[in-house]
Amino acid sequence: MQVDATPLKWILDPKLRYLWHILFWAIMYLDELLSIFGITENYEPAFQWYMIGSLCLDMLLVYLNFYVLIPQLLQKNKFWLYAILSLLSVIVVNLANIYTDPLFSEYLEEYTIQDHISDFIINTFLPTLTLLGTAIAVKLFKMLLQKELQLQQVENEKLQTELTFLKDQVNPHFLFNALNNIYVQSRKRPKEASESILLLSDLLRYQLYDCAKDKVYLTNEIDYLKNYLELDKMRRSKAEINFKIHGSAASKLVQPFLFSPFIENAVKHGMSLENESTINILFDITDTQIHFQIENSKPTTPVQHEAGGIGLGNVKRRLNLLYPDKHSLKIKEEQNTYRVDLKLNIS
């Protein structure tokens with residue numbers, strides 16, 4: 001299951017990069033820092049210089065791992081070579097720390113070789129290994145977080161590209177149908193063609209300007225649907241269209257062209273030029289939901305159309321992308337009717 005990494009994006013802010021490094025080393029050397037300021041056991045000046053040297057060696061160890069071993073070995077799946085060189089670097093740094101210890105000569109006189117080895121492992125090697133392991137864990141976490149954010153960015157860009165493609169598919173299809181309607185009118189009822197052109201200009205204005213945004217007001221979307229139906233009805237004198245709105249569409253925002261494919265489908269497949277036909281449309285709107293219903297009669301003789309067009313697959317894909325787990329779509333086809341029931345949760 002993919003985890004949303006966006007809330008942790010601030011961790012990778014370049015402005016905070018040096019702050020994280022300073023904070024890490026301050027935590028790792030907290031006891032030594034407190035001793036320098038006399039809060040805990042106060043070491044002699046010689047030991048303070050030794051701690052500064054130890055810090056420099058530890059920083060060399062960590063940043064050698066960060067900027068050389070991890071990118072050159074671990075990220076290239078050379079795990080065993082990475083592990084061996086990391087352990088060797090820990091041993092070398094610890095030996096350097098021992099030989100710069102002000103009490104090194106006293107250790108040689110008071111302890112046996114076995115004692116030195118035991119002391120080296122317990123008091124020097126393991127703490128340094130723990131420090132390096134902690135640093136690596138932090139580094140890998142940041143790398144995984146950065147990778148996850150990059151994947152999410154790529155996925156978002158992909159979705160936006162797909163949504164733009166799907167939305168842009170709708171506009172030419174509507175335009176094609178509208179021009180075809182006007183063409184029919186110009187041959188049979190030339191005087192009404194001018195009214196159709198005016199309606200078409202409103203449709204194009206909506207498509208070109210209002211729908212350039214990610215979301216549109218539901219009132220504008222409804223006006224667009226009414227204009228389209230009015231434009232189509234001019235060439236279908238026997239068509240009955242019932243358009244009802246329950247509730248207030250004011251201030252409600254939706255993605256553009258979500259409902260138009262269903263309207264288009266009802267007109268294209270449910271209405272004829274010669275026979276009586278009906279389309280019933282209902283918008284039931286609440287503060288948290290838009291309930292859209294459309295039902296059209298089916299002609300006795302199926303209307304024949306050329307293959308092609310956008311169809312319902314487009315809007316189903318857009319709903320899955322734009323309203324995942326926030327919509328319900330039911331389509332029911334019977335002998336004489338075709339019904340679509342769409343619910344959008346907008347809370």
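The exercises below work through a predicted model of one protein chain.

Residues are numbered from 1 along the chain as its sequence is written. In this predicted model local features need pLDDT of at least 70 and side-chain atom pairs count only at pLDDT 80 or more, while totals for chains, interfaces and linings use all residues, and side-chain values use heavy atoms, with hydrogens and water left out.

**Exercise 1. Helix α4**

Task: Decide whether S86 and I91 are buried or partly exposed.

Solution:
- Step 1. Recall the cut-offs: buried means under 20% relative accessible area, exposed over 50%, and partly exposed in between (1.4 Å probe, protein chains only).
- Step 2. Both residues belong to helix α4: S86, and I91, with the helix covering residues 79-99. Helices are DSSP runs (H or I, at least four residues) and strands likewise (E, at least two), numbered from the N terminus.
- Step 3. S86 has a relative accessible area of 7%, so S86 is buried.
- Step 4. I91 has 32%, so I91 is partly exposed.
- Step 5. List the contacts (heavy atoms within 4.5 Å). S86 touches N65, L69 and L132, leaving aside residues up to four places away in sequence.

**Exercise 2. The largest nonpolar core**

Task: Find which residues have the most contacts inside the largest nonpolar core, and which element gives the most to this core.

Solution:
- Step 1. A nonpolar core is a set of buried Ala, Val, Leu, Ile, Met, Phe, Trp, Tyr and Cys residues joined through side-chain atoms within 4.5 Å.
- Step 2. The largest such core has 38 residues, and L218, F259, F283, F292 and I294 have the most contacts inside it.
- Step 3. Elements giving two or more residues include α7 (190-208), α8 (218-233), β4 (277-285) and β5 (289-297). Helix α8 gives the most, with 7 residues.
- Step 4. Apart from this core lies another, of 17 residues, with F24, L69, I70 and F125 among them.

**Exercise 3. Two salt bridges**

Task: Describe where the partners of the pairs R205 and D202, and R339 and E295, lie in the chain.

Solution:
- Step 1. A salt bridge needs a side-chain nitrogen of Lys or Arg within 4 Å of a carboxyl oxygen of Asp or Glu. The structure holds 4 of them.
- Step 2. R205 and D202 meet at 2.7 Å, N to O. Both lie in helix α7, 3 residues apart, about one turn of the helix.
- Step 3. R339 and E295 meet at 3.4 Å, N to O. This pair links distant parts of the chain, with R339 in strand β7 and E295 in strand β5, 44 residues apart.
- Step 4. R339 has 32% relative accessibility, so R339 counts as partly exposed.
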